[in-house]
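Q: I would like to learn how to read a model of this kind, beginning with a database annotation and ending with single residues. Could we proceed step by step?

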Amino acid sequence: MRAILLLILAYPFLEVASLVYMADHFGGGFVLGWVIVSALIGVLMLRNQKVGALLTLGAVLRKPGEVSLYGLLWPLRFLLAGVLFLIPGFISDVLAVLLLLPLKGPSLKVPPAGGFGGGSGQAGPAGDGAIEGEYTRVDETVDPDRRIHK
């Protein structure tokens, strides 16, 4: 727990130190350009992430057979990479690039097309989208003196 706390506290100092080190070796103009370009990349990634996450998730879930866990988490990884690109510094940029690498992780089994129950995929007996069931209506009786409109 202390190591995590120390990493969180040391992270801003490491980012500043990396910027100073890179400015010393490559020049201040290059570092300033790098920071501006990486921030623009982060903004563009976050701006286009809204609809892209839904489309990616829908495409992954439509694949028959097995789905990769990393494929399901891709929208979250893309969002986190965009935030990391917004943070000025080289360490955050390296972490963002690592998040964007196309990793293939363990697979998850997808239920059959009929759903979890193994049914035919139709809602009602005729497949008209109706779900059959029984209900009873329960109305509370209200005292006429307590009504707003008499």
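A: We may begin with the record. UniProt, in an unreviewed entry, places the feature "transmembrane region" at residues 28–46 and 79–101. The model itself is predicted, and such annotations may be inferred rather than shown by experiment.

Q: How much helix and how much strand does the chain have over residues 28–46?

A: An annotated range can be set beside the secondary structure of the model. Residues 28–46 are 100% helix and 0% strand, with end C-alpha atoms 27 Å apart. Residues 79–101 are 83% helix and 0% strand, and here the end C-alpha atoms are 14 Å apart.

Q: Which elements make up the chain, from the N terminus on?

A: The order of elements gives the outline of a chain. Here it is α-α-α-β-α-α-α-β, with 6 helices and 2 strands in total. Of the contacts with a separation of 6 or more, 65% join residues 24 or more positions apart.

Q: What share of the 150 residues in the chain is buried?

A: Burial is judged by relative accessible area, and under 20% counts as buried. By that criterion, 17% of the 150 residues are buried. The chain exposes about 12,000 Å², of which carbon and sulfur atoms supply 69%.

Q: Which residues make up the largest nonpolar core?

A: A core is read as a group of buried nonpolar residues joined through their side chains. The largest one here has 5 residues: Met45, Ala81, Leu84, Phe85 and Ala96. Helix H5 gives the most to this core, with 3 residues.

Q: Why is Leu79 classed as partly exposed?

A: Leu79, which is in helix H5, is partly exposed because its relative accessible area is 34%, and that class covers values between 20% and 50%.

Key. Residues are numbered from 1 along each chain as its sequence is written. This is a predicted model: local features need pLDDT of at least 70, side-chain atom pairs count only at pLDDT 80 or more; totals for chains, interfaces and linings use all residues. Side-chain values use heavy atoms; hydrogens and water are left out. Helices (H or I, at least four residues) and strands (E, at least two) are DSSP runs, numbered from the N terminus. Buried means under 20% relative accessible area, exposed over 50%, partly exposed in between (1.4 Å probe, protein chains only). A nonpolar core is a set of buried Ala, Val, Leu, Ile, Met, Phe, Trp, Tyr and Cys residues joined through side-chain atoms within 4.5 Å. Contact means heavy atoms within 4.5 Å. Accessible areas come from the Shrake-Rupley method with a 1.4 Å probe; for residues, only the protein chains shown count as cover.
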